[in-house]
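Subject: Structure for your files

Hello,

Here is the structure I said I would send. My notes on it follow below.

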Amino acid sequence: DNARNVLGYYTRFFRRGPVLELASGPGVFLDLLRENGIESRGVDIEEGMVAQARRTGHAVVRDGALNHLRDLPARSLEGLFAAHFLEHLQAHDVQAVYAEAARVLTRGGIFVAAVPNAACLSVLPLDFWLDPPNVRFYDPVSHQFLVRTTGPANVATCAQRPTQRGPHE
């Protein structure tokens with residue numbers, strides 16, 4: 001229930017599909033999109049998560065997110081979503097995810113990435129480091145830099161308006 005409540009916030013950013021969720025886990029966000037009539041699918045590297053999502057009727061493939069993105073045709077997605085995934089990657093891989101997002105999203109397509117908030121006092125010293133695959137924090141300035149180096153895009157954080165105009169949101 002908590003995951004549904006938290007992830008429910010992000011459905012507002014997607015008006016149409018197809019939407020691809022990176023590291024989709026058991027398919028909670030995919031459930032929410034389906035309930036809103038939005039075509040969606042997922043990719044996850046964990047066999048158990050893929051099996052669980054498929055049991056609930058979701059189209060989820062077992063693959064690495066970046067590898068899967070590289071195999072998609074250009075301009076084939078209206079949306080891309082990742083919750084607590086980018087912090088598991090090195091900076092060059094995050095940059096590659098953004099570059100692929102720019103390639104696979106349609107004009108006006110949107111990529112929403114939820115990441116841990118380093119400004120939260122419980123996250124920075126403890127919670128973040130309890131998840132062994134976490135590599136590093138990416139604050140809003142880091143994300144803006146990584147996105148801008150991949151090409152023009154609108155970059156916004158939950159506390160900001162877009163800082164640059166371009167073909168993608």
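Strand β4, residues 77–83, is mostly covered, with 7 of its 7 residues buried. Buried means under 20% relative accessible area, exposed over 50%, and partly exposed in between, with a 1.4 Å probe and protein chains only. Helices (H or I, at least four residues) and strands (E, at least two) are DSSP runs, numbered from the N terminus.

Before the rest, a note on the source: this is a predicted model, in which local features need pLDDT of at least 70 and side-chain atom pairs count only at pLDDT 80 or more, while totals for chains, interfaces and linings use all residues. Residues are numbered from 1 along each chain as its sequence is written, and side-chain values use heavy atoms, with hydrogens and water left out.

Two strands pair if DSSP finds at least two bridges between them. β4 pairs in the parallel sense with strand β1 (residues 19–22) over 4 bridges. Within that pairing, L20 stands opposite L80 in β4, and E21 stands opposite F81 in β4. β4 also pairs in the parallel sense with strand β5 (residues 105–114), over 6 bridges. There A83 stands opposite A114 in β5. From β4 the chain crosses through α5 to β5, and this β-α-β crossover is right-handed. A crossover is right-handed if, with the strands pointing away from the viewer, the path from the first strand over the helix to the second runs clockwise.

**Strand β1**

In a regular strand the side chains alternate between the two faces of the sheet. In β1, V19 and E21 point one way and L20 and L22 the other way, and all are buried. β1 runs parallel to β2, and 4 bridges join them. The bridge partner of V19 in β2 is S40. β1, α2 and β2 also make a right-handed β-α-β unit.

P18 is in the loop between α1 (2–8) and β1.

**The chain as a whole**

The chain has 6 helices and 5 strands. Along the sequence they follow the pattern α-β-α-β-α-β-α-β-α-β-α. Of the 169 residues in the chain, 44% are buried. Among contacts (heavy atoms within 4.5 Å) with a separation of 6 or more, 55% are between residues 24 or more positions apart.

A23 is in the loop between β1 and α2. A23 has a positive phi of about 55 degrees although it is not a glycine, and at 29% relative accessibility it counts as partly exposed. G25 lies in the loop between β1 and α2 (28–35). G25 is buried, with a relative accessible area of 10%. Leaving out residues up to four places away in sequence, G25 touches D44, M49 and A53. The C-alpha atoms of G25 and G48 are separated by 8.5 Å, although these residues are 23 residues apart along the chain.

H84 lies in the loop between β4 and α5. Its phi is near 55 degrees, a positive value in a residue other than glycine. H84 counts as partly exposed, at 46% relative accessibility.

H68 lies in helix α4. H68 is buried because its relative accessible area is 13%. Not counting residues up to four places away in sequence, H68 touches L20, V43, V61 and D63.

**The second largest pocket**

The second largest pocket has a volume of about 330 Å³. On a 1 Å grid over the protein atoms alone, a pocket is an open set of points where a 1.4 Å probe fits, with protein on both sides within 12 Å along at least five of seven lines; lining residues have an atom within 4 Å of a point. Grid points are joined across faces, edges and corners, and a volume is the space filled by probe spheres set on the points.

The lining divides into 10 nonpolar residues (Ala, Val, Leu, Ile, Met, Phe, Trp, Tyr, Cys and Pro), 3 polar (the others, Gly among them) and 4 charged (Asp, Glu, Lys and Arg).

Regards
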